[in-house]
Amino acid sequence: MKKNSKMNMKKLPKFSSRVFLAPMAGITNPAFRLLCKEHGAGLVVTELTSINAIVAKERLLKEDKKKITEFIEFSDKERPLSIQLFGSDLKILEKAVKIISPYADIIDYNMGCPAPNITQQMAGAALLQETKLTREIFKTLVKNSSKPVTLKMRSGVNQPDKFLKIAKIAEEEGITMITLHPRTVEQGYSGKSDWSLIKKLKKSISIPVVGNGDIKTPEDAEKMIKETGCDYIMVGRAAASNPLIFSQINDYFNTGKYKEISPKIKLKLFFTYLKYAKKYPSIKVSAMRMQAMNFSKGCKSARKLRGSLLGVNDVDVLERLMKEFYDTL
Ligand SMILES: Cc1cc2nc3c(=O)[nH]c(=O)nc-3n(C[C@H](O)[C@H](O)[C@H](O)COP(=O)(O)O)c2cc1C
């Protein structure tokens, strides 16, 4: 690590647990994040957020016509909160990080998104091939953020050949923590994530490493830490249908045991989620509906429920259908 960047390095906040909620577009809205936080997530991360969109709102913010929470919704109860950014135009990045970092506890930078609409803008995982530009991005982020900057990435584009180089650059430029989802862009979500790459990463840098990919149970969480030596772990899809996985993992780490969660207990979380979601104008009924389906996974007759939820666009109807379903369990 360069001397300069070490001196300028901003400290990470204290985390209440070693298990973090992964950013998931369409899922990790403020209602879902709060639910996960309440059930033991040590850190929650927003969905990926466009730097262009932030800068486009700058004028309204300056004129005091809008508040930041109208663009990036969050509550203080979620803290520590990591806001994830994507986009590679350096001037826009500089502006966006100056606007947003006072509200975040961590700024996370996305170099993992494989979606063509993101990679075609030279953002997300496409940057894994652009070491020169990547260095400039890290410099810009670290210089202009009032908060620590972290990185989340995949292992490469076609081959897992880029992450170690990028991680070195990140460390040199003052990035404070790196999350690795060890799949290539080409893999998408297929196959299994290659945890041996997390071990390689941990051995090659001295900043904290967050291991991510395919943790479905507390036993998986323990296995990843044992196999890779990573400092923290991050859970995505398994949390989408069971936010209680955070307390299960915490219990397992602390006592060696954890409670099994019945489908009915899991489904009950939906009503708390709905109560929170109703407070945020940006959360659409379609997102609530998707969450209803996620929470009902594993319930008897879940398929029938899904059929009846299709096309429901009214919160009250959604709530009524879910209550009726809950009462049948
Ligand atoms: C629906 C969905 C949306 C996602 N959105 C993001 C995102 O906005 N930013 C990001 O860095 N990763 C995103 N990811 C990737 C996850 O953060 C995580 O790296 C990946 O799902 C692997 O972890 P898991 O096996 O625990 O799900 C998304 C994944 C899914 C399934």
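Predicted model: local features only at pLDDT ≥ 70, side-chain atom pairs only at ≥ 80, totals over all residues.
Ala, Val, Leu, Ile, Met, Phe, Trp, Tyr, Cys and Pro count as nonpolar, Asp, Glu, Lys and Arg as charged, and the others, Gly among them, as polar.

Figure 1. The shell around the ligand comprises ten nonpolar, eight polar and four charged residues. Of the 22 residues around the ligand, those that come nearest are Ala22, Met24, Leu48, Gly236 and Arg237.

**Figure 2. The two domains of the protein, domain 1 and domain 2.** Domain 1 covers residues 3-255, and domain 2 covers residues 263-328. Taken over C-alpha atoms, the centres of the two domains are separated by 28 Å.

**Figure 3. The contact of domain 1 with domain 2.** In this view, 13 residues of domain 1 are in contact with 15 residues of domain 2. On the side of domain 1 that touches domain 2, at least two residues each are supplied by helix H2 (30-38) and helix H11 (237-241). H2 provides the largest share of that side, five residues. By class, the side of domain 1 that touches domain 2 consists of eight nonpolar, four polar and one charged residues.

**Figure 4. Packing of helix H9 (residues 195-204) with helix H10 (residues 218-228).** The axes of H9 and H10 are 8 Å apart and form an angle of about 45°. The crossing of H9 past H10 is right-handed. H9 contributes Trp195, Ile198, Lys199 and Lys202 to the contact, and H10 contributes Met224, Glu227 and Thr228. Of the residues in this contact, three are nonpolar, one is polar and three are charged.

Note on methods
Residues numbered from 1 in each chain as written. Near = placed C-beta within 6 Å. Domains from an automatic or database assignment. Contact = placed C-beta atoms within 7 Å. Helix = DSSP H or I, 4+ residues; strand = E, 2+ residues; numbered from the N terminus. Axes fitted to C-alpha atoms, helices over the stretch in contact; angles between N-to-C directions. Left-handed = near helix turned anticlockwise from the far one by under 90°.
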